[in-house]
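Open the model in your viewer and keep the selection tool at hand. The stops below say what to select and what is there.

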Amino acid sequence: MCLLMSACQRQHQDIRPSPTSLAIYGDAAKEDVIRPGGPVNPQPVVNNPYNGSAYDISEGQRLYNWYNCSGCHFQGGGGIGPPLIKQHWIYGGEPANLFDTIVKGRPNGMPAWGGRIPAYQIWEIVAYVRSMNGEQPRSATPSRADSIEPNPQTIVNRVNGQTK
Amino acid sequence: MMQRAKWARAFAIASSLVLTSCIYNRQSAVDPAGPQAGRVDTLWWSFFWLLGAIFLIVMILTVMTLGRRHRGFEQEPLAIRHKASDETESQLRRVVTGATIATIVILFVLIVASVGTGKANSELQQKKNPLTIQVTGTQWWWQIQYMNSDPTQNLTTANEIHIPVGRPVQIRGASNDVIHSFWVPNLNGKRDLIPSRITSEWIEADHPGEFRGQCAEFCGLQHAHMAIWVIAEPQAQFDAWMKAQLQPAAAPQTPAQIRGQQVFLNNACMYCHAIQGTPAVGQNGPDLTHFGSRRGIAANTVPNTMGNLAGWILDPQSMKPGNHMATVEVSSTDLQPLVEYLESLK
């Protein structure tokens, strides 16, 4: 029964995002909390409304390519821009930090997308980027990628020194 | 009672289908508008009449056996080891052998007719002076690219194909995501559009007209709202259309249109749509360079009118739930200029 219930949640498609559920972004990731070079630990008080939603994670993947995030970050491994499959984030790796980074842009090349694309799409991209690091439930992420690459979970395990 | 209601419903559905196909012959395989569809049409009717006649004969024989004189109660039952007379035996043998031979011959004739039609319509046929159009199926619209060896004559549009009458057109089918199927029944049969490979089929219109096509392979939520128009027109008219389409987008004239262009370029629109002659070069959605000249919006889900366009931009998910167009917040004062600008792109 639990399995069935989780399957329902997994396939839930919020095709028309309600503005109220998205008006949660506040001042969650203040820059003064972020210490360059040091351990990053801003208060993660904002949760991504699309956490654990397979539909929105796959939408995020589509948008990641549509808006050419892959042009600099490639499929998460980085190249022109920093990799997105990693443990140590320059500007914080919590959903609110990622949202903030996409909205405001960052020095040395990351453009600001705030006001350019709808907020719900930014949250979907955040959900997808988090899934690259295995920070989405396994039930909501595909077990294998569309392109030829190792399973992100494998990379994360390798980075974390875990062997399966 | 239940049975009768079921038959009545089946009859109603069947008759409404027949009526619809009579009225709506702009999307009909039995109203061919070209040689390819003509062959398919001939094949269909020869199958229909031949198999219909066989069906009728079988039914008549079945009814005849029902009315045949049977052994009455007054007669003795047949012996368990009954042996038919030699006369009956040879008669039965003749009937069964004859029916088997007839079936084999008919099946063979049908196979020859079917393969012959497929061969005549085959993509491998070479034609003189063909026009090549690449049709890329995308969830849930059609990207149309006119291919030419001269790159300045390449044209990208969406959901609407114009073809000159009497000239063979090669459709190169591609797909961006899942398997779609290109089907304009008045012109030819279905051809699947398969990701990461190119399929091909020939169409040719022998008279001017507007023919509707539809995706014929289930491709997701909005498969039903993925229509395409093929407009066959005389060569001169086609050339004029082509010439107009190859121009960059019309510059905005009125203050409202100028504002509309600013709205378009300052919102998410430009990340997915291209308007040639402006900085908008997005390739994720349909090319809007000559949007105002097209018949429908949202892959011909609704006619291209200002009201429909405004509704579509405000809430794309109401017309086509699940489609990939972003819900962009456009303020009420910006919506009208945006619509006016887009409709001015003739």
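How many bridges join strand 4 of chain B to strand 10 of chain B? Select residues 227-233 of chain B, which form strand 10, together with strand 4: five bridges join the two, and they run parallel. Strands (E, at least two residues) and helices (H or I, at least four residues) are DSSP runs, numbered from the N terminus. Two strands pair if DSSP finds at least two bridges between them.

Before going on, note that this is a predicted model, in which local features need pLDDT of at least 70 and side-chain atom pairs count only at pLDDT 80 or more, while totals for chains, interfaces and linings use all residues. Residues are numbered from 1 along each chain as its sequence is written, and chains are lettered from A and ligands numbered from 1 in the order in which they are written.

**The sheet in chain B**

Now pick B:Pro164, and opposite stands B:Glu233 in strand 10 of chain B.

Residues are in contact if their C-beta atoms, placed from the backbone, lie within 7 Å.

**Two loops in chain B**

Go to the loop between strand 1 (131-138) and strand 2 (141-147) of chain B, where B:Trp140 lies. The peptide bond from B:Gln139 to B:Trp140 is cis, with omega near -5 degrees. Then move to B:Ser196, in the loop between strand 7 and strand 8 (199-203) of chain B. B:Ser196 is not a glycine, yet has a positive phi of about 65 degrees. Most residues other than glycine have a negative phi, and most peptide bonds are trans.

**Chain A**

Switch to chain A, which has seven helices and zero strands. Of its 164 residues, 32% are buried; a residue is buried if 20 or more other C-beta atoms, placed from the backbone, lie within 10 Å of its own, exposed if 12 or fewer, and partly exposed in between.

Select A:Thr101 in helix 5 (residues 95-104) of chain A. Is A:Thr101 buried or exposed? A:Thr101 counts as buried because 22 C-beta neighbours lie inside 10 Å. Leaving out residues up to four places away in sequence, A:Thr101 touches A:Tyr91, A:Arg106 and A:Met110.

Follow the chain into the loop between helix 5 and helix 6 and stop at A:Asn108. A:Asn108 has a positive phi of about 65 degrees although it is not a glycine, and it counts as exposed, with 6 C-beta neighbours inside 10 Å.

Helix 6 of chain A comes next on the tour: select residues 119-132. Of its 14 residues, 14 are buried. Helix 6 is followed by A:Gly134, whose phi is positive, near 75 degrees.

**Where the chains meet**

Finally, show both chains. The contact takes eleven residues from chain B and nine residues from chain A.

Terms used: Contact = placed C-beta atoms within 7 Å. Expected span 1.5 Å × (residues − 1).
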